[in-house]
Amino acid sequence: MTEDSQRNFRSVYYEKVGFRGVEEKKSLEILLKDDRLGILPLHHESHAQVMMYRKGQYSDVLHALKVVRFVNDATPQVEVFLRMYQLESGKLPRSPSFPLKPEDEVFLAIAKAMEEMVEDSVDCYWIIRCFVNQLNSKYRDSLPQLPKAFEQYLNLEDSRLLSHLKMCSAVSRLPYDLWFNRCFAGCLPESSLQRQVFLSKTH
């Protein structure tokens, strides 16, 4: 099979699964050029100054957490991100030994996925922070509708599979909350999540 025919096959396949012919390898740098997460301001000339402020804010929040002994140099990076987010949103518990809430587990799952995709800790934190804020504000009300939408799409793609799942009472046991609340973080490989984040930006 020639390279062109392989590319055409991939294009048809991606179109079939909703990828609209987007190339598989897309970086977060391309993703951030059309920034709808609110990470960067609209005017490109102010990006450097804004990022300088955000690095300073990152350092200040991290220093505060170390002073109150919520984190130290041995704390896993994703937990540092969680504590920073909690402090900035006014939800820092009274003690680091308090059990995590369900929304904290969601944050950690998303943070672990983002950490695999973004090398710089400051950039990674701001992407996670803005992503979670968007999820909690703009899309929270639509999450309960996703299981029904999933079943509708599955019925279109493979009605026999859906009928079989219903017949054996498996549909009601699917981990919808885990999938949709975490945006599949911790459920799918990070490479798949990176493509899905890019595709959500191009539609």
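**How are helix 4 and helix 5 oriented to each other: roughly parallel, roughly antiparallel, roughly perpendicular or oblique?** They are oblique, a word kept for whatever is left once angles under 35 degrees are called roughly parallel, over 145 roughly antiparallel and 65 to 115 roughly perpendicular. The views below take this pair and a few other spots in turn.

A word on the model: it is predicted, so local features need pLDDT of at least 70 and side-chain atom pairs count only at pLDDT 80 or more, while totals for chains, interfaces and linings use all residues. Residues are numbered from 1 along each chain as its sequence is written, and side-chain values use heavy atoms, with hydrogens and water left out.

**View 1. The whole protein is built from 10 helices and zero strands.** Read from the N terminus, the elements go α-α-α-α-α-α-α-α-α-α. Helices (H or I, at least four residues) and strands (E, at least two) are DSSP runs, numbered from the N terminus. Of the 203 residues, 35% are buried; buried stands for under 20% relative accessible area, exposed for over 50%, and partly exposed for anything in between, with a 1.4 Å probe and protein chains only. Take the contacts between residues at least 6 apart in sequence, and 61% of them join residues at least 24 apart. Contact here means heavy atoms within 4.5 Å.

**View 2. Helix 4 packs on helix 5 at an angle of about 130 degrees.** Their axes are 9 Å apart, and the crossing is right-handed. Axes are lines fitted to C-alpha atoms, for helices over the stretch in contact, and the angles run from 0 to 180 degrees between N-to-C directions. As for handedness, a crossing is right-handed if the near helix is turned clockwise from the far one by less than a right angle, and left-handed if anticlockwise. On the helix 4 side, look for Gln77, Val78, Glu79, Phe81, Leu82, Tyr85 and Gln86; helix 5 brings Asp104, Phe107, Leu108, Ala111, Lys112 and Glu115. Sorted by class, that is seven nonpolar, two polar and four charged residues. Ala, Val, Leu, Ile, Met, Phe, Trp, Tyr, Cys and Pro count as nonpolar, Asp, Glu, Lys and Arg as charged, and the others, Gly among them, as polar.

**View 3. Gln77 and Lys112 sit on either side of that contact.** Gln77 lies in helix 4 (residues 77-88) and is partly exposed, at 26% relative accessible area. Beyond its neighbours within four places in sequence, Gln77 is in contact with Tyr58, Glu115 and Ser121. Its C-alpha is 10.0 Å from that of Leu108, 31 residues away along the chain. Lys112, in helix 5, is partly exposed too, at 48%. Lys112 and Val78 are 34 residues apart in sequence, with 6.2 Å between their C-alpha atoms.

**View 4. Helix 5 (residues 102-117) also packs against helix 6 (residues 121-137).** The angle is about 140 degrees and the axes are 10 Å apart, which makes helix 5 oblique to helix 6. This crossing is right-handed. Phe107, Ile110, Ala111, Met114 and Glu115 of helix 5 meet Cys124, Ile127, Ile128, Phe131, Val132 and Leu135 of helix 6. The tally by class is 10 nonpolar, no polar and one charged.

**View 5. Helix 7 (residues 146-157) meets helix 8 at about 125 degrees.** Their axes are 5 Å apart, and helix 7 is therefore oblique to helix 8. Glu151, Leu154, Asn155 and Glu157 of helix 7 touch Ser159, Leu161, Leu162, Leu165 and Lys166 of helix 8. By class, there are four nonpolar, two polar and three charged residues here.

**View 6. Ser169 and Phe184 have positive phi values.** Ser169, in the loop between helix 8 (159-167) and helix 9 (176-181), has phi near 60 degrees without being a glycine. It is partly exposed, at 39%. Phe184, in the loop between helix 9 and helix 10 (190-202), has phi of about 65 degrees and is not a glycine either. Phe184 is partly exposed, at 28%.
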